[in-house]
Amino acid sequence: MECVTIKQGSNCQFMVKTGCCFNGGQCHPIVEKCEGCAHIQDLPSGRYCDTYAHPAIKWMYGACNFATHIQPEQKQEAKKLNPLKASKRGIR
Ligand code: SF4
């Protein structure tokens, strides 16, 4: 449905007949780490991400995977190893 809160006029999956069903009832503004990203929207109500409703969450566990202003290697998180498989590989 069409947003009637922050991003008025844009189609949004969180907008339902009773209003915005996103956590807090509206989108959250960008965070400092978003500065420079091409997904930032300057709206009369503030600066918001056109891709994600809560940018702070995207940066909580590492770099945002939608960010356009950082290098790809910065986006990759360290590969998590399965300790069981790692120990089996060590035996061979
Ligand atoms: S795509 Fe990621 S880095 Fe860019 S504005 Fe949105 S949350 Fe911030």
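One cavity of 30 Å³ or more turns up in this structure, which is a predicted model. As the largest cavity, its volume comes to about 110 Å³. Fifteen is the count for its lining, and of those 15 residues the closest to the centre are Cys34, Cys37, His39, Cys49 and Cys64. Sorted by class, the lining of the largest cavity has 11 nonpolar residues, three polar and one charged.

What takes the space of the largest cavity? The ligand does. Around the ligand are Cys34, Cys37, Cys49 and Cys64, together with His39 and His69.

Now the open space. How much space lies in the largest pocket? About 230 Å³. The pocket is lined by 13 residues, and Lys7, Cys12, Asp50, Thr51 and Ala53 are the closest to its centre. By class, six of the lining residues are nonpolar, five are polar and two are charged. Lys7 and Asp50 are of the charged class, because Lys and Asp both count as charged.

Last, the rings. A search of the whole structure gives one aromatic pair. There is also a lysine placed over a ring: Lys58 lies over the face of Tyr52, and the distance to the ring centre is 4.9 Å.

To recap, the ligand takes the space of the largest cavity, and the largest pocket holds about 230 Å³ of space.

Methods. Residues are numbered from 1 along each chain as its sequence is written. This is a predicted model: local features need pLDDT of at least 70, side-chain atom pairs count only at pLDDT 80 or more; totals for chains, interfaces and linings use all residues. Side-chain values use heavy atoms; hydrogens and water are left out. Rings of Phe, Tyr and Trp (its six-membered ring) pair if their centres lie within 6.5 Å; planes under 30 degrees apart count as stacked, over 60 as edge-to-face and the rest as tilted. A charge sits over a ring if NZ of Lys or CZ of Arg is within 6 Å of the ring centre and within 35 degrees of the ring normal. On a 1 Å grid over the protein atoms alone, a cavity is a set of points where a 1.4 Å probe fits but cannot get out, and a pocket is an open set with protein on both sides within 12 Å along at least five of seven lines; lining residues have an atom within 4 Å of a point. Grid points are joined across faces, edges and corners, and a volume is the space filled by probe spheres set on the points. A residue is near a molecule or strand if one of its heavy atoms lies within 4 Å of it. A molecule sits in a cavity or pocket if more than half of its atoms lie within 2 Å of its grid points.
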